[in-house]
Amino acid sequence: MNQPTTAPQRSAEEEALHCIRCGKCLSVCPIYRETLIETLSPRGRVALYRATGEGDLKIGEVYADKFYTCLMCEACRETCPSGVALDAILNRARADLAHSGLLPPSLRRLSETIVAAGNISGEENEQRLGWTANLEARPIGLDHASRAEVAYFVGCVSSLFPASYSIPQSLVEILEKAGLNYALLGGDERCCGYPLFLNGEAERAMELARHNVAAVRATGASRVVMTCPSCYHMWKYIYPQLLDDGELDGLEILHETEILAAMAREGRLRFKPWPVTVTYHDSCDLGRKSGIYEPPREVLRAIPELELVEMADHHENSLCCGGGGNLETYNRELAQALPRRRLQQAQDAGAGYIVVSCQQCKRTLAGAARRERVRLRVMDLAEVVARQLEGESDA
Ligand code: SF4
Ligand code: SF4
């Protein structure tokens, strides 16, 4: 198993030279499997990257298409027998393209929206608290007067897309029941910058990183928790690459799965039985890219009568839901074709529920289940926990 993605040890050029063209990565690349186009395979992209370095190819729109038609899921890196860190090549190629003015129009619009509005949808950033509107009581995290223990960084999708509102609603319900003094950032929170980093625009992402770190520090919290694995990966592994030494000192970055597993271990979560068969889907950003596999499974195993089954591909071999790498913005049709295989695996495993720890996986898998008329329910771990806490009525 690879370590979580950290600062590259070798340059992209050195990584590319280590490719022995064995083709092992082709069988795990969701884009190649769907298109069967060699230049859209990991091996093909490495060859294109080398060709530009050797002066045999000039970068242009066709080259850009090859590198933006990628989920940045790192399945290829995981499987490569030569240890080629393909992410270093993919990130470098995208940065070269963005700096050369070759960002495709849809991704340029996304970038401009994030810079202007502070979020991916272009809404007023104050609208980030829309998910709190129909709660029975105003979340105490909005009124933290003094030093908070934990700041909850909600992320753009859960803040602004109504279909995801129940994820932050569930997490604050759990935090409040556990008596944790937490803070919400509201309009002071901005996009974590990951979509910009994926575009190849690290400098723009860095400005958002600085803003968000300052917003969290203003709450007095020494811990930040995220329900979004992309925000988590960005804060934990990319912010240290973008920011100066010491800028993150004293801040502990946590994902909801880590907090929930710790609370379950300490006996702070008491669950009522749930006699269902559940499978857990590892998101790329939390699993392969950040190395978190067991905490969510630990929480699910703590629920009495719940049967946890694994799909054919799990842990580091998990399949991308189709929602990674900004592909949905660049090529929606292709992105929407990808979750079918995952739904089939969940059905083959005999599951009635797919549990995820990612609002984007929930959105893409649930959307595909609806389109394909597959009888599978998709829930985030926070929703499962809030539903099964003792004292809650059945939803
Ligand atoms: S698995 Fe690694 S060495 Fe083999 S073709 Fe793919 S990138 Fe090259
Ligand atoms: S990151 Fe994922 S989609 Fe991109 S080349 Fe590698 S396996 Fe294929």
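Modeller: Take helix 4, whose buried residues pack against helix 3 (42–53), helix 6 (86–99), helix 7 (105–117) and helix 15 (327–330). The model is predicted. Helix 4 covers residues 61–68, and its buried residues are Y63, A64, K66, F67 and Y68. An α-helix has 3.6 residues a turn, so residues three or four places apart point the same way. Within helix 4, Y63 and F67 are both on the buried list, and so are A64 and Y68.

Helix 3 supplies at least two residues of the shell around ligand 2, as do helix 2 (30–35) and helix 5 (75–79). That shell has 14 residues, and C29, C70, L71, C73 and C76 are the closest. By class, twelve residues around ligand 2 are nonpolar, two are charged and none is polar.

Ligand 1 has 13 residues around it, with C19, C22, C25, R43 and C80 coming nearest. Its shell divides into eight nonpolar, two polar and three charged residues.

As for the whole chain, the secondary structure comes to 19 helices and eight strands. The radius of gyration is 21 Å, close to the 21 Å from the globule rule for 395 residues, so the chain is as compact as a globular protein of that length. The C-alpha trace spans about 65 × 45 × 35 Å along its principal axes. Of the 395 residues, 49% count as buried. Among contacts between residues at least 6 apart in sequence, 79% join residues at least 24 apart.

Methods:
Residues are numbered from 1 along each chain as its sequence is written. Chains are lettered from A and ligands numbered from 1 in the order in which they are written. This is a predicted model: local features need pLDDT of at least 70, side-chain atom pairs count only at pLDDT 80 or more; totals for chains, interfaces and linings use all residues. A residue is near a molecule or strand if its C-beta atom, placed from the backbone, lies within 6 Å of it. Ala, Val, Leu, Ile, Met, Phe, Trp, Tyr, Cys and Pro count as nonpolar, Asp, Glu, Lys and Arg as charged, and the others, Gly among them, as polar. A residue is buried if 20 or more other C-beta atoms lie within 10 Å of its own, exposed if 12 or fewer, and partly exposed in between; C-beta atoms are placed from the backbone. Helices (H or I, at least four residues) and strands (E, at least two) are DSSP runs, numbered from the N terminus. Two residues are in contact if their C-beta atoms, placed from the backbone, lie within 7 Å. The radius of gyration is taken over C-alpha atoms; the globule rule is 2.2 Å times the number of residues to the power 0.38.
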